[in-house]
Amino acid sequence: MSRYKVRKQALETLSNIENNPQNYYLIHYACGNFREENTISVIAVMNLKKQVSTTFSIKKTAEDLNINPRDISKNTLKIQKEMLESFNEFLIQNVKNVKWINWNMQSDKFGFEAIQHQSKVLNIKNPVTVSNSEQINLSHLLSDIYGPNFIDDPKMEKLAEYNDIDLSYEFKNGKEEAKLLNEGKYTDISLSTIRKLTIFNIFLEKAINNKLKVKSKWTDIYGWSPQGIYNAIKGKWWFAILTFILGTLIGHFFK
């Protein structure tokens, strides 16, 4: 598919998100080192219309089960099963006609498939399946709009920094969250996960308003096709003047 068509489809998706926010949820979750163990510590979701975060966490579930914070590590599987059952109920109530905007959650190691697998391991009946067609990978969407080199790696952190989003406030990367899990700092993990939803929301708002700062060259964004070049220049002030002058000259010539 041409660069022009890829970008056109991505912009249509972005427009649908803007016009129908009630049909889109942001989602992110934190877990242990997914190469070694599968403990899911918190899942956070936010409907773009309501702009309210809902979390499913080990800490909150332990409180609901009247488990002392000091005893969480000894009851992790029990707590995690209860947490994932609650999340599964949430999906049952909200999965119809919605799409889930996430950041690289298409892997069997990290994503809905991994959550579903862990749910089966914990003997949760009929865990809800969220297919790839029901998901939007925000990182891929931005790549389709701005080109694959729109920012350096790691893209989430670098894009936030490039757009002056403060990462010193509650944000932790995946490795730091896994370390916090080992240390039993569950509140910090929840705050970090919710902070990432806020960052994703800022990315979307900036992209919708054409305010997202990226490092792409214009050829990375628009490509070299005639359609792409036209879209690149049609909004420029000098293009309007040039079009007017050419139109005037052509009209005068054909009188």
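**Entry 1: α1 and α5**

I looked up the handedness first: α1 and α5 cross in a left-handed way, a term for a near helix turned anticlockwise from the far one by less than a right angle, with clockwise being right-handed. By class, I find 8 nonpolar, 2 polar and 3 charged residues in the contact of α1 with α5. Here nonpolar covers Ala, Val, Leu, Ile, Met, Phe, Trp, Tyr, Cys and Pro, charged covers Asp, Glu, Lys and Arg, and polar covers the others, Gly among them.

The model is predicted: local features need pLDDT of at least 70 and side-chain atom pairs count only at pLDDT 80 or more, while totals for chains, interfaces and linings use all residues. Residues are numbered from 1 along each chain as its sequence is written, and side-chain values use heavy atoms, with hydrogens and water left out.

I then took the geometry. The axes of helix α1 (residues 3-19) and helix α5 (residues 138-146) cross at roughly 130° and come within 7 Å. That makes α1 oblique to α5. Angles under 35 degrees count as roughly parallel, over 145 as roughly antiparallel, 65 to 115 as roughly perpendicular and the rest as oblique. The axes are lines fitted to C-alpha atoms, for helices over the stretch in contact, and angles run from 0 to 180 degrees between N-to-C directions.

On the α1 side I list Arg-3, Val-6, Arg-7, Ala-10, Leu-11, Thr-13, Leu-14 and Ile-17; they meet Leu-141, Ser-143, Asp-144, Ile-145 and Tyr-146 in α5. Contact means heavy atoms within 4.5 Å.

**Entry 2: α1 and α8**

I checked α1 against helix α8 (residues 186-208): the axes come within 10 Å and cross at roughly 110°. The two helices are therefore roughly perpendicular to each other. Leu-14, Ile-17 and Glu-18 of α1 make the contact with Leu-204, Ala-207 and Ile-208 of α8. I sort these residues into 5 nonpolar, no polar and 1 charged.

**Entry 3: His-28**

I located His-28 in strand β1 (residues 24-31). His-28 counts as buried because its relative accessibility is 5% (buried is under 20% relative accessible area, exposed over 50%, partly exposed in between, with a 1.4 Å probe and protein chains only). Leaving aside neighbours within four places in sequence, the contacts of His-28 include Val-42, Met-105, Phe-110, Lys-196 and Phe-200.

**Entry 4: chain and confidence**

I count 11 helices and 5 strands in the protein chain. Of its 255 residues, 44% count as buried.

The mean pLDDT (the predictor's confidence in each residue, from 0 to 100) of the chain is 88, and 85% of its residues reach 70 or more. Over residues 235-246 the pLDDT is below 50. Where pLDDT is low, the predicted coordinates should not be read in detail.

Key. Helices (H or I, at least four residues) and strands (E, at least two) are DSSP runs, numbered from the N terminus.
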